[in-house]
Each structure stands twice: as structure tokens, then as C-alpha cells.
Amino acid sequence: VKMNRGINDSGDLPQEYLEEIYDEIAAHEIKMRYDKADLQRVNAARGVSSENQKRLMYNQAMTDLSKNALSMMEGVSKTDTVFTSASHSEHVRPMLMLTWTPFLAVFSI
């Protein structure tokens, strides 16, 4: 809660609001789903002392994670959603003003 000072146009969000969010996350922890292969890899990695082997295992885990994320995004993208195109820049300007810095940060990595 203390780390979120000054995030509301250089002001603080209400303490009760931040505590409510914290309590919700603490009660319903965000967890990734793992399959048996993931757990086996984690257990195998605990006994590895070679840096090369650790690097290979890390690279394999990152590849698997990327494939998993891609399949999840593809699954979500196959919905029948109607999109409306903006005909004037004034329709999009408020959204762009709020999101340009996070987008820049994400795409510059």
C-alpha cells in the first residue's frame, strides 16, 4: 500500500481503497496453472549445479511459457466480437493520452 503513493495525478488513492485491493489479492492469490511437466522441470532444476544446464533449462521453460501464452491469446482472439472503428481522432485521443506511456514501456523492452 505504501508503494502506491502519488499514483493518482501525483496524489494518493484512498487508504481504504488500496487496502481493499490488497486484501482481495491476498485472499485470491494470482497463480499460474502448472502441468506435471512443469513441476517435474522445477524439481529437476533444484538438483542442477551446472550453469550450462541451468541456462538450457531456463531457455526451455521460457520457450514453453511463450507457447502457452500464445495458445491462450489465440484462444481468446477467436471470439465473435464486433469492433467499431473510430472515424475521428477525438474519439481515441483520451484513451491514447492515458495509455501511451505504458505502451511505450512495454514495446521498448
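Modeller: D23 is at 49% relative accessibility, so D23 counts as partly exposed. This is a predicted model, where local features need pLDDT of at least 70 and side-chain atom pairs count only at pLDDT 80 or more, while totals for chains, interfaces and linings use all residues. Numbering runs from 1 along each chain as its sequence is written, and side-chain values use heavy atoms, leaving out hydrogens and water.

Biologist: How many helices and strands does the protein chain have?

Modeller: Helices (H or I, at least four residues) and strands (E, at least two) are DSSP runs, numbered from the N terminus. Here you get 4 helices and 0 strands, in the order α-α-α-α from the N terminus on. D23 sits in helix α1, residues 15-27.

Biologist: Which residues gather in the patch of negative charge?

Modeller: Patch members have over 30% relative accessible area and no salt bridge; like charges are joined within 9 Å, nonpolar side chains (Val, Leu, Ile, Met, Phe, Trp, Tyr) within 5 Å. Asp and Glu count as negative, Lys and Arg as positive, with His and the chain ends not counted. A charge is placed at NZ of Lys, CZ of Arg, CG of Asp or CD of Glu. On this surface, the negative patch gathers E16, E19, E20, D23 and E24.

Biologist: Which residues form the nonpolar one?

Modeller: V92, M95, L96, W100 and L104 do, with about 510 Å² of accessible area together. L104 belongs to helix α4 and, at 52% relative accessibility, counts as exposed.

Biologist: Which side chains meet in a salt bridge?

Modeller: You need a side-chain nitrogen of Lys or Arg within 4 Å of a carboxyl oxygen of Asp or Glu. The whole structure has 1 salt bridge; E90 and R93 meet in it, at 3.1 Å, N to O. Both lie in helix α4 (residues 89-107), 3 residues apart, about one turn of the helix. R93 is partly exposed at 42%.

Biologist: Why is the aromatic pair called tilted?

Modeller: Rings of Phe, Tyr and Trp (its six-membered ring) pair if their centres lie within 6.5 Å; planes under 30 degrees apart are stacked, over 60 edge-to-face, the rest tilted. There is 1 aromatic pair here. In F103 and F107 the ring centres are 6.1 Å apart and the planes at 35 degrees, so the pair is tilted. F103 is partly exposed at 45%, whereas F107 is exposed at 68%.

Key:
Areas by Shrake-Rupley, 256 points an atom, 1.4 Å probe, with all protein chains shown as cover. Buried < 20%, exposed > 50% of the residue type's maximum accessible area, 1.4 Å probe, protein only.
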